[in-house]
Each structure stands twice: as C-alpha cells, then as structure tokens.
Amino acid sequence: MNRGRARMTGKTTPLYVVCSPRRCVGKTLISRLLVEFYVVKDRPVVAFDLADEGPQLTDYLPKVTTIADIGDIRGQMALFDRLIGEKEIPTVIDVSHRAFKNFFAIVREISFFEEARRRSITPLILFIIDPSAVSTEAYAMLRRQFAQASLLPVRNQIEAVHCVVAPGGSMPPSSLDVPVLGFSLRAVIDQQSFSFSQFWQAIPTLMSRAGKDQLRGWLEYIFFQFRQLEFSLGYEEPPAFTVQGSKRLPTIPGQRPTDVSEQILNHAPELKRPVDDLIDQFGNVIVAMLQKAAERSTDNCARGHLYPLRHTCLIGV
C-alpha cells in the first residue's frame, strides 16, 4: 500500500491529528478515510493508533497502522521520534478520547508542533465537534494553547443537502464535512473487511447499483475536501481525480444535522486565506456556537426533554 512515492511541489508535509475528548463521534472513520485517500492515489502514508478499545484503526488498516502507547516515557519517545522521522510522508494520528488530554499535554510540554514546523511538517488538528460542554472546553483549549497547529472542525453526519462540491476547488474548506449515510451503507463501511480504496477502484461488491452510486458520491465529496486541505497545507500533487461542475449529493429523508453543526454552517465565513488562518477567521464563532448548544442541551435536560442522543453518537468509532 505504500509502494508509491510522494511527489512534492510544496515544502511541507501534513501531519493530521484526528481527535475529540468524546467517544462515538467518528474519529476512526475520519482517520480511515484520510489514510485511504492516499492509498487510492498509490502514495505513501503512515498512521498511528492511540485507541484502547475496538474496533480500532489498526483493525481496518493493519498494513499501514502502528499501535502507539503514550502511557509511559518509552512509548512517548517511540511515537514522537517516529513522527519527526517521517518528515516526507503524510501521517495520520487517531487520538482516542481517553488519550486526548495526555497526548496534547505531552505535545505542549515538548513543544512538538513547533519542532514539527521547523522540520517542514505542518500539523493539522481535525477536531470532531459535538454540542457538549466537554467539547466546547477542549476546542477552546486547543485554540488557546496550540498556535503552531491549524485547527479545523469536523462536522460529522451532516445533512447531505448542504454538501455541494464547487467547481475549481482551490479554496481551503472552513470545516471538514462528512455527510450522513443511511443505516445499510453505514453497516457496510463499518465492516472491518471493507476498504474505501478498493471500492473507489471499482473492485466488485455485493451492493446494489443505487447503493454504489450513493456511496461513490459520498466518498467523492470527502476526498475532494481532502485534496483542498492538502493543497492549502502546501503538500501539492497533481490531482488523481477531479470533480466537474457543481455536484449535490442526494438527501436522505429523516436525517438531520446536529443543531451546532447547522449554526456553524450558517455563521462560518468563506475562507480566502491559507488554512493556518482558520483559528482567527472563525474560531470564536465555533466556540460560541458550541457553548450555546451545550447550554441549550443542559436547559432541555432540566425541563425533562433530553437532547436526542442519536444525533450525538455519530457514524464511525
């Protein structure tokens, strides 16, 4: 899977840190998609799995994923030394909710992101957002403490009607959007034997034609966003696939995005600068929206109307 060679016309290599202080929000799904985005184009990629419960990233992609344990000094040195050493290969780190605090405490203590920058590695924190006080505080902490890393919110399982692929695609996204999938397709992609890269390469499956078309559009939209991210981070390569014109994904009846995602969608301004400016551009808006959603959720619980949990336990692991 790693036999290809990276062709860099830029000067930096991306380091993706996929994280959330909450479980069941889609961290491993995002990590899988990122890894297979590079596999599809036959380019080298490495991944590290900090999860401590299954299914883990290594269960889906054992050939490119290394299990990392940062519970002791030896494990910490092994991980961060390798991250610095892989300075010409895109790297994905799947940070579990239990490892969240420890991971970023170590990163801050050793000034890892600053060192990565000096070695032409560009850290990008992909934070899966959800309307909880824990996520609000964690997002604000990352913005405050890690100026040397770009911070991009990930809106998981949003309504497909909002997902439009614009022509051109040179502009970095203001968030990473993962459209909702129906139950049957979620069941398919959650199987450990399922490969996004094999599906993209049209390897035969038992899915119906309609299911294949829907999943293809979903995956195309996500990969297109990854291409935009890669371009904005300075790791450039001629596109291995293109999207012509404006493509609207099919709407799945009965599925709605979380309230906080809807508000962020409406308030986030269009980006016209590199991804490093994301924090200043709309970080305060996101924190405010998350805080407001968390307060509203608390008020609803006090009145006996619980927040619908089906909207917070998103697809993936």
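**Which residues is Leu126 in contact with, leaving aside its neighbours within four places in sequence?** They are Tyr16, Val17, Val18, Cys19, Ile30, Leu34, Leu152, Val154, Leu176 and Leu229. Contact means heavy atoms within 4.5 Å. This is a predicted model, in which local features need pLDDT of at least 70 and side-chain atom pairs count only at pLDDT 80 or more, while totals for chains, interfaces and linings use all residues. Residues are numbered from 1 along each chain as its sequence is written, and side-chain values use heavy atoms, with hydrogens and water left out.

**View 1. Two nonpolar cores.** A nonpolar core is a set of buried Ala, Val, Leu, Ile, Met, Phe, Trp, Tyr and Cys residues joined through side-chain atoms within 4.5 Å. Buried means under 20% relative accessible area, exposed over 50%, and partly exposed in between (1.4 Å probe, protein chains only). The largest core has 42 residues. Ile30, Leu33, Leu126, Leu215, Trp218 and Phe226 have the most contacts inside it. Helix H1 gives the most to this core, with nine residues. A second, separate core of 34 residues includes Phe80, Ala99, Ala116 and Leu151. In soluble globular proteins, nonpolar side chains tend to be buried together.

**View 2. Two tilted aromatic pairs.** The whole structure holds 18 aromatic pairs. Rings of Phe, Tyr and Trp (its six-membered ring) pair if their centres lie within 6.5 Å; planes under 30 degrees apart count as stacked, over 60 as edge-to-face and the rest as tilted. Tyr16 and Tyr38 form a tilted pair, 6.4 Å centre to centre with 45° between the planes. Tyr16 is in strand S1 (residues 13-19) and Tyr38 in helix H1 (residues 27-40), 22 residues apart. Helices (H or I, at least four residues) and strands (E, at least two) are DSSP runs, numbered from the N terminus. Tyr16 is buried at 1% relative accessible area, and Tyr38 is buried at 0%. Phe104 and Phe146 form another tilted pair, 5.5 Å centre to centre with 55° between the planes. Phe104 lies in helix H4 (residues 100-109) and Phe146 in the loop between helix H6 (133-145) and strand S6 (150-158), so this pair ties together parts 42 residues apart in sequence.

**View 3. Charges over rings.** A charge sits over a ring if NZ of Lys or CZ of Arg is within 6 Å of the ring centre and within 35 degrees of the ring normal. Arg32 lies over the face of Tyr60, 3.9 Å from the ring centre. The charged end of Arg216 sits over the ring of Trp200, 3.9 Å from its centre.

**View 4. Helix H3 and its buried face.** In H3 (residues 73-85), the buried residues are Gly75, Gln76, Leu79, Phe80, Leu83 and Ile84. Seen down the axis of H3, they fall within an arc of 155°, so they line one face of the helix. The arc is that of the directions from the helix axis to the C-beta atoms. The face turned away carries the exposed residues Arg74, Asp81 and Gly85. Among the elements covering the buried residues of H3 are S1, H4 and strand S5 (121-128).

**View 5. Two loop residues with positive phi.** Asp42 is found in the loop between H1 and S2, with phi near 60°. Ser120 is found in the loop between H5 and S5, with phi near 65°. Most residues other than glycine have a negative phi. Asp42 is partly exposed at 32% relative accessibility, and Ser120 is partly exposed at 34%.

How values were computed: The expected span of a helix is 1.5 Å times one less than its number of residues.
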